[in-house]
There are 2 protein chains.
Amino acid sequence: METPKRRRSNTRARLLEGALEVFAERGFHGASVEDICERAGFTRGAFYSNFASKDELVLALFQATTDRLLEQIEALLPELANQPGTLLDAVLGLLDEAAPDQRQWHLISTEFTLHALRDPEAAQALNTQRAMFRDSLTKLVEQITETSGLTLSVPAEQFVRLVIAVHEGARSQSLLEPRKLPPGELEHTFLPMVLEAVSRPSR
Amino acid sequence: METPKRRRSNTRARLLEGALEVFAERGFHGASVEDICERAGFTRGAFYSNFASKDELVLALFQATTDRLLEQIEALLPELANQPGTLLDAVLGLLDEAAPDQRQWHLISTEFTLHALRDPEAAQALNTQRAMFRDSLTKLVEQITETSGLTLSVPAEQFVRLVIAVHEGARSQSLLEPRKLPPGELEHTFLPMVLEAVSRPSR
DNA sequence: TGTATTCAATACAGAACTGTATCCTACTCG
DNA sequence: CGAGTAGGATACAGTTCTGTATTGAATACA
C-alpha cells in the first residue's frame, strides 16, 4: 500500500521538508541542492527527478507552506471566533499558533520576503498569500468586535495591517535579542497598547 | 595630491559602495566577489588587495554604514529636538531622513538582520548598533516629551521599541505593495495611532 | 514468472567562483 | 633621472555546484 505514486510524493515531501530546514539555516542562495538532498536523505538524483531546478523547488515550497498555513488558519478560526476571551486573545492566538516554530518561520518568511522584493513574480505570489492571511484576520476581528461590543476607530483591515506590522517588527527584535527579550514578550506587550489605541466600547 | 594612501582608501570606498548596490540587488550569497568588483570598476585583484574575504567585506560594509547612520543622526538630533513641531514630527523626521534610499536601505538592513539571526557574532554587532540607534531616539523622545508637556504611559525605551517595530513592519508592507501603498503612507498612518495610544497631556 | 516501468543512485561534463601567485604600471623619493 | 614600491590587473589552480545521462533495483502487470 506504500508503493505506486505514494512513494514519489513522499520523497517530494521529504525534500521540501529538508529544504525548509536548510533554507532556514543558510538562506536560499546559501543552500546548495546537495545540502537539501543530504538533509532529506537522498542524492541529487532524487531531486532532479522531482524538481526541475532549485527555483522550482522554492516555488513549490512557498506553495506548500502557504497551503498549510491557510489550512491551519481555517481550522483555528471558528474556535477563536466563538470561544470566550477578548479580541486580544483571539488575535494573539491566531498570530502565535499559526507558526509552530517561531524562529524557523520567521527566517523563512523573511527570506521569502526578501526574494519577493527583488522578483516581481514572487512578490505577486507573496502578496496574494498575505492578502488571504489579512482577510482571515480581518474577518476574525470584525466578528469579535461585533459580538463583544467594540468599535474600531479605523477600518478593520487597516487595524489588521497595523497588528501585523507590530507583530513582525516585534518578533524581529525579540529574535535578535533572545536573552533580553523572551519570545513573544514584546508582542504581548505591544499589542494591548495598540489595541487600546484604536478600540473603544461602542455606546 | 591624490596618490599615496588616498588612492587605496578611495578604491576601498568604491568597492564598498559597489558592494552595497550589488548586495541590495542580489543578496549577500547571491553576489559574487567578481560582481562587486565589476560594479566598482575593478577586478578581483583590487578586491583581495583590500579585503581578505567577502565576509570581511560584509563586516566592513556594516561598520561603514553604521558609522554613517549614527553620524547623520548626531547631526539631525539637535535640529529635531529644539525646532518646532510635535513629537510625531520629530520621530518621523529621524526615521525617514536617516535613510536616503528607503528601498535599498531596507533590503540591506534586512539582509544584515537575516545574517545576524544565523551568526551570533554578527548579531552582537547588529545589536549594539541598534542599541545606539534606540538610545538616540529615546533621548529625542524624552527631550520632546519634557518640553512639550506630554507623558508616556510606558518607559520611553519601550515606546521607542514599539515605534521601531511599527516602522519596520510598515515599511516592509509598503515595499511589497508599492502600488497600493505609497512609500511612507503606512508609517504616517500608523505612528499617530500608536503615539496617541501611549501619550497623554501630563496634568 | 517474466517483462516493463518507475524512481532514485551514480557517474560525468561543464560552468562559476574563490583565492593565490605573478606581472605590470605609475607614483615616490633619493 | 633612476631605483624602489604600492596598487591593481591577469593568469592560474583548486573547489564546488549544477544539470544530464546512464545504471540499477524494486514494483506492477500480463
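Helices (H or I, at least four residues) and strands (E, at least two) are DSSP runs, numbered from the N terminus. With that in hand, let us walk through the model. It is predicted, so to speak: local features need pLDDT of at least 70 and side-chain atom pairs count only at pLDDT 80 or more, while totals for chains, interfaces and linings use all residues. Residues are numbered from 1 along each chain as its sequence is written, chains are lettered from A and ligands numbered from 1 in the order in which they are written, and side-chain values use heavy atoms, with hydrogens and water left out.Start with chain A, which has nine helices and two strands. Read from the N terminus, its elements follow the order α-α-α-α-α-α-α-β-α-α-β. The C-alpha trace of chain A spans about 65 × 40 × 30 Å along its principal axes. Of its 203 residues, 50% count as buried (under 20% relative accessible area with a 1.4 Å probe, protein chains only; exposed is over 50%, partly exposed in between). Among contacts (heavy atoms within 4.5 Å) in chain A between residues at least 6 apart in sequence, 65% join residues at least 24 apart.

For residues 9-69 of chain A, an unreviewed UniProt entry lists "domain: HTH tetR-type"; such annotations may be inferred rather than shown by experiment. In the model this span is 80% helix and 0% strand, and its end C-alpha atoms lie 20 Å apart.

Now bring in the second chain.

A:His106 gives you a residue-level view. It is found in helix α6 of chain A, and it counts as buried because its relative accessibility is 7%. Leaving aside neighbours within four places in sequence, A:His106 is in contact with A:Glu168, A:Arg171, A:Ser172 and A:Leu175, and also with B:Leu117 from the other chain.

Next come the open spaces. On a 1 Å grid over the protein atoms alone, a pocket is an open set of points with protein on both sides within 12 Å along at least five of seven lines, a cavity is a set where a 1.4 Å probe fits but cannot get out, and lining residues have an atom within 4 Å of a point. The largest pocket holds about 970 Å³ of space. Its lining counts 43 residues, and A:His29, A:Glu111, B:Phe28, B:His29 and B:Glu111 lie nearest its centre. Elements giving two or more residues to this lining include α1 (6-26) of chain A and α1 (6-30) of chain B. By class, the lining has 20 nonpolar, eight polar and 15 charged residues (Ala, Val, Leu, Ile, Met, Phe, Trp, Tyr, Cys and Pro are nonpolar, Asp, Glu, Lys and Arg charged, and the others, Gly among them, polar).

The second largest pocket holds about 350 Å³. Among its 15 lining residues, A:Leu176, A:Glu177, A:Pro178, B:Ala123 and B:Asn127 lie nearest the centre. Here α8 (156-176) of chain A and α6 and α7 of chain B each supply at least two lining residues, with α7(B) giving the most, four residues.

Finally, a search of the whole structure finds two cavities of 30 Å³ or more. The second largest cavity has a volume of about 40 Å³, and α4(A) gives the most to its lining, with four residues. A:Trp105 is one of the residues that line this cavity.

Key:
Points joined across faces, edges and corners; volume = space filled by probe spheres on them.
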